[in-house]
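Reader: I would like to learn how to read a model of this kind, one feature at a time. Please give me the general idea before each case.

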Amino acid sequence: MAGAGGDMQWCLSQAKGSLDDDVTEADIISTLEFNHTGELLATGDKGGRIVIFQQEIENKRQPQYRSEYNVYSTFQSHEPEFDYLKSLEIEEKINKIRWIPQKNAAHFLLSTNDKTIKLWKISERDKRPEGYNLKEEDGRYRDPSTVTSLRVPVFRPMDLMVEASPRKVFANAHTYHINSVSVNSDNETYLSADDLRINLWHLEITDRSFNIVDIKPANMEELTEVITAAEFHPHQCNTFVYSSSKGTIRMCDMRASALCDKHSKMFEEPEDPSNRSFFSEIISSISDVKFSHSGRYMMTRDYLSVKIWDLNMESKPVETYQVHEYLRSKLCSLYENDCIFDKFECCWNGNDSMVMTGSYNNFFRMFDRDHRWDVTLEASRENSKPFQVIKPRKVCAGGKRKKDEISVDSLDFNKKILHTAWHPQDSIIVVATTNNLYIFQDKMN
Amino acid sequence: MFGKGAKRKLDEDEEGLEGKALASAVASVSYTLQRQTIFNISLMKLYSQRPLGEPSLERRVLINNMLRRIQDELKQEGSLRPLLLPPSPPPDDPMDEGFREAPPSFGVLSATAAGVLLAESRCAEVRPMDALPALPPGVLVDITSSPSSPPSSSSPSGFLSDLALDDVLFADIDTSMYDFDPCTTAGAVGALPPVVTADDLLKSLASPYSGPAPQVSANQPFKIDLTELDHIMEVLVGS
């Protein structure tokens, strides 16, 4: 892994997607996930499709190699449905994709929309049988009277074909909208979380799931808090966390009881009184929670900041990074245009030394934890030529705007980067704008 | 509690404190207006028509919490009286799994009317809340079943004329006025004075129901005069 973040020089490696400014709703990327080796990158979109890209590495032996991601497989994961009882449409938008650690030649992933989780098998076929005794090559059966000799089919190489097939469908377990899926380190179970409940599944069993968290009040009018994200600990198979719309994270131990309504730890930072406003609760709502690869820390994203928590300290985070503090004075407008409800995600790099998250105007932010360094970069075709190092951007909060700075009022709030991903081993990052995918690589690889 | 400016007190010694009082008055007016604007926006968000898909529960819960907080704050300040309640939003789920926003336990008649009615004057005396009939949430009050008559008013000076308004408020009202569709509301209350905005932030917000808002001068209390009140009453009785 490369050295300090300050040494990194990110270049645009590839940009995928339509060049149009006109965005087709169905093409909007809704989730992004590398597999465990980083060889495969899965994207889900609002139209219910999944596109998997595969890394192809040129000149790997040379110190500065370039890797390219090309389409490996495309398939329709979820279709729109209609809930007749509630008279409501169930969107086919893919909310989350999570890869299952690989056990054999095939790849497995879980994909989910608001209500249904599916296990997909993606496998390669590069051979096919030829020379059937009773069938022609095109599949038509031969007239039995013309069969005079016996021959056994032989496998011959063919063009690579990647097939995706649904192996399991986990349905009818969530009344509310699923926001998270997380595979357990035991590789046998996984959890799915909606606004009020978390269920535990076995990957092989579709007709049964166990409810492990339920925060639904007896009287729905008393509801003031919902679950926003949940994740299993990367190494301890009994531990998971879930975050809430009130800015709290609860850690639960499944050994303690069947229903984990009592948390074993609760992480919450007391509010800074000088920052209190009407919008304090809304901006404290946690949109994403991610354990570090080491399992020692977890990261949370709320509207304005990224916080790193030490799992041994519940009272406050060990690090807080401001993503776009200049928006604090604009919260009323952002409330009015609903931007304040945008759910930004965050991610760790492979060795947990850096974290990344998105912002508006197609900006995204990277923070180097060890060197206390941060940078704002932009994902745009106009401002980046392939293989050219992209320039850091700066937002001017007020007062005199310097050259090359952009003022807060010029920011485009429709260009938001909600999904980012960091290759688990290499210095490669992927950033999704509304309908485009940008892949950046560190030149000093 | 939200951080807010100091309350301006009438009996404060004004000598040598005028400047300070003015500044704090500005702050408190600004705070009040912002609170009102946010309240209106929140109502609009909750009650506007939704498309086919189910709206996000988190968003509804957060907006509802916002409304409740503002409502609690207003109640504590005691300057608010329970008004008629809008009908509950249509149930999303016949099996009661849906989250129905608990309507504010003080009602609002229309967003604009609310803006006018709830804009509080710092000169207003505090009205005791328990002098008024408690209305159960989520229920449209029919005056014929109203347990107690509206209290005789010891009306705060410079604010709503209670007597006249009370009669109107507890009258049987056409529920179609509770439609928060900005198009119909704007049409109906076009004659009403627009919601006033105060600071830059609020100015930038497009009020869906009104034209350009006049700038309120900082030290002018919110006076609703009787002609304006007549307008409101006309709207309320749907004439």
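Reader: Of the 239 residues of chain B, what percentage count as buried?

Author: Buried means under 20% relative accessible area, exposed means over 50%, and partly exposed lies in between, with a 1.4 Å probe and protein chains only. By that reading, 47% of the 239 residues of chain B count as buried. Before we go on, note that this is a predicted model, in which local features need pLDDT of at least 70 and side-chain atom pairs count only at pLDDT 80 or more, while totals for chains, interfaces and linings use all residues. Residues are numbered from 1 along each chain as its sequence is written, chains are lettered from A and ligands numbered from 1 in the order in which they are written, and side-chain values use heavy atoms, with hydrogens and water left out.

Reader: Which secondary structure elements do chain A and chain B have?

Author: Helices (H or I, at least four residues) and strands (E, at least two) are DSSP runs, numbered from the N terminus. Chain B has seven helices and zero strands, whereas the secondary structure of chain A comes to two helices and 32 strands. The radius of gyration, taken over C-alpha atoms, is compared with a globule rule of 2.2 Å times the number of residues to the power 0.38. For chain A the radius of gyration is 24 Å, close to the 22 Å that the rule gives for 445 residues, so chain A is as compact as a globular protein of that length. The C-alpha trace of chain A spans about 90 × 55 × 40 Å along its principal axes, and 53% of the 445 residues of chain A count as buried.

Reader: How many salt bridges does a search of the whole structure find?

Author: Side chains of opposite charge can pair when their charged atoms come close. The criterion for a salt bridge is a side-chain nitrogen of Lys or Arg within 4 Å of a carboxyl oxygen of Asp or Glu, and the search finds 30 of them over all chains. One pairs A:Glu225 with A:Arg250, with the closest N and O atoms 3.5 Å apart. Because A:Glu225 lies in the loop between strand 15 (205-214) and strand 16 (227-232) of chain A, and A:Arg250 in strand 18 (residues 249-253), this pair ties together parts that are 25 residues apart in sequence. Both A:Glu225 and A:Arg250 are buried.

Reader: Which chains does the salt bridge of B:Arg69 and A:Glu281 join, and how far apart are the closest N and O atoms?

Author: The closest N and O atoms of B:Arg69 and A:Glu281 are 2.6 Å apart. Since B:Arg69 lies in helix 2 (residues 57-77) of chain B and A:Glu281 in helix 1 (residues 280-284) of chain A, the pair joins two chains. B:Arg69 counts as partly exposed at 24% relative accessibility, while A:Glu281, at 14%, counts as buried.

Reader: Where in chain A do A:Arg369 and A:Glu319 lie?

Author: These two side chains, A:Arg369 and A:Glu319, meet in a salt bridge of 2.9 Å, N to O. A:Arg369 lies in the loop between strand 26 (363-368) and strand 27 (373-378) of chain A and A:Glu319 in strand 23 (residues 319-322), so the pair ties together parts that are 50 residues apart in sequence. Both A:Arg369 and A:Glu319 are buried. Elsewhere, A:Asp27, A:Asp45 and A:Arg49 are linked in a network of salt bridges.
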